[in-house]
Amino acid sequence: MECKRCGNQDTKYFAYDPFHENWYCRKCIAFGRINVNEPIQSKRYQTCNIQCHYELEYPLTNAQLRAMREIRLYLDQGKDVLVYAACGAGKTELVMESIMRFINQGKKVGFAISRRQVVLEIKERMAKAFPMLHVIAVCEGYTKETDGDLIVCTMHQLYRYPNAFDLLIMDEVDAFPYRGNPMLEQIAMHACQGQKLFLTATPDDAMKEHIQKGDLALVELFQRPHGFPLIVPQVIHTLPLFQYLYIVHSLHWHKREGIQVLLFVPTIESAHRMRNVLRCFFQCAVFTSKTVDKEAVIADFHQKLYDVLICTTILERGITIRGVHIIIYQADHRVFQEASLIQIIGRVGRNIQMPSGKGIFLCTRVTKDIQDCISSLQKMNESVENHDTKELIV
Ligand SMILES: [Zn+2]
């Protein structure tokens, strides 16, 4: 027995329906009932019948143009592509040309991302870049309209689009809940009848294997548009008590210089403990998955109402604060895996006016994840230097 939608073969997830005398899958029941061995019905959506083009606020850099040409080349060869780009390198702008070319060939394009908040953000950016297209967001709270010229949705919503897309772009494939979730992976595969374009800052081992086997073409972009190298963190190993003292001491310095700090801690409890200490000296707030008014806290931080924002890994992606420095307390905790650490350090130096900054990892021991994070960042910086030299020689 097999569920054709989620790929489940585990009998404990199948249930028998005596009225219809058939078995159905309980594993993916949240996406509507599907019977065992029932084939996936393709669903065709309207294709766009106008010719489109896109407009960017800033022109693409040479490195972005090179990456864009490579993507075009591989897609033209009929391959699936993985874009391995540093945080802040501008990967969304890179894929706009592919979106344009597919739509202009009368093909259907989808853009799927793990997190709802980012779906809404990308939808806005796409609508601005393609003013002639009807761009829609499909995610929790936005499910009334499910078809448009360009569909931006969460990975979960892909179940609505069986075999619908000729080009499916998947962003943040390294993030929860997509990473290591075979059910979502299956649903995503069923949504695409054509080619796939993956975007990530931290490819996992499975993806690296596909690249080695040649199933996936690799395009790298490690240079940020401002051309400054990625920030490599400074690692300080010391006992937790001294980590506290270090934090208070460096926050004093940063406050004097008017620099805000994002302080990452491993758990919600440690976030509240940290606030109880820091609020004696600084203006601070806590941001975790339990925070009720998330948008307001971020807006206040942007307004510089706080010296420091104490947060869990929930803020590792998507947030851009001008000129912020980061500190990780207990960076050797198991929640801080390599992918997380790279995302967190990627928050620093994103702004074109403030392209550099500081990242500090505080820990009692240097874990393999910390070492891997540092060597990945160093490799990305070296690769940028090599490209620059090559371009100079040419
Ligand atoms: Zn299923």
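How many bridges join β14 to strand β15 (residues 359-363)? Three, and the two strands run parallel. The points below set this pairing in context.

1. Basis. The model is predicted; local features need pLDDT of at least 70, side-chain atom pairs count only at pLDDT 80 or more, and totals for chains, interfaces and linings use all residues. Residues are numbered from 1 along each chain as its sequence is written.

2. Domains. An automatic or database domain assignment supplies the bounds: domain 1 covers 1-39, domain 2 covers 62-221 and domain 3 covers 234-372. The C-alpha centres of domain 2 and domain 3 are 30 Å apart. Eleven residues of domain 2 are in contact with eight residues of domain 3, contact being C-beta atoms, placed from the backbone, within 7 Å. On the domain 2 side, the touching residues comprise five nonpolar, three polar and three charged. Here Ala, Val, Leu, Ile, Met, Phe, Trp, Tyr, Cys and Pro count as nonpolar, Asp, Glu, Lys and Arg as charged, and the others, Gly among them, as polar.

3. Strands (E, at least two residues) and helices (H or I, at least four) are DSSP runs, numbered from the N terminus, and two strands pair if DSSP finds at least two bridges between them. Strands β4 (residues 109-113) and β6 (residues 150-154) run parallel and are joined by five bridges, with A112 partnered by C153 in β6.

4. Helix α5. Seven of the ten residues of α5 (residues 182-191) are buried, so the helix is largely enclosed by the rest of the structure. Buried means that 20 or more other C-beta atoms lie within 10 Å of the residue's own; exposed means 12 or fewer, and partly exposed lies in between. The buried residues are M183, L184, Q186, I187, A188, H190 and A191. Their cover includes β4, β7 (165-171) and β8 (192-200).

5. Six-stranded sheet. A further open sheet has six strands, ordered β10-β15-β14-β11-β13-β12, with parallel pairing. Its edge strands are β10 (234-237) and β12 (284-287), each pairing on one side only.

6. Strand β11. Both faces of β11 (residues 261-264) are covered: V261 and L263 on one side, and L262 and F264 on the other, are all buried. Four bridges join β11 to β13 (residues 308-311), where F264 stands opposite C311. Four bridges also join β11 to β14 (residues 325-328), where V261 stands opposite H325.

7. Core. The largest nonpolar core has 114 residues, and V83, V152, L262, L263, I326 and I328 have the most contacts inside it. Such a core is a set of buried Ala, Val, Leu, Ile, Met, Phe, Trp, Tyr and Cys residues joined through C-beta atoms within 7 Å. Leaving aside neighbours within four places in sequence, the contacts of L262 include L309, C311, I326 and R347.

8. N37. This residue lies in the loop between β2 (22-25) and α1 (62-76). N37 counts as exposed because it has 12 C-beta neighbours inside 10 Å. Not counting residues up to four places away in sequence, N37 touches M1, E2 and K4.

Note on methods:
Contact = placed C-beta atoms within 7 Å.
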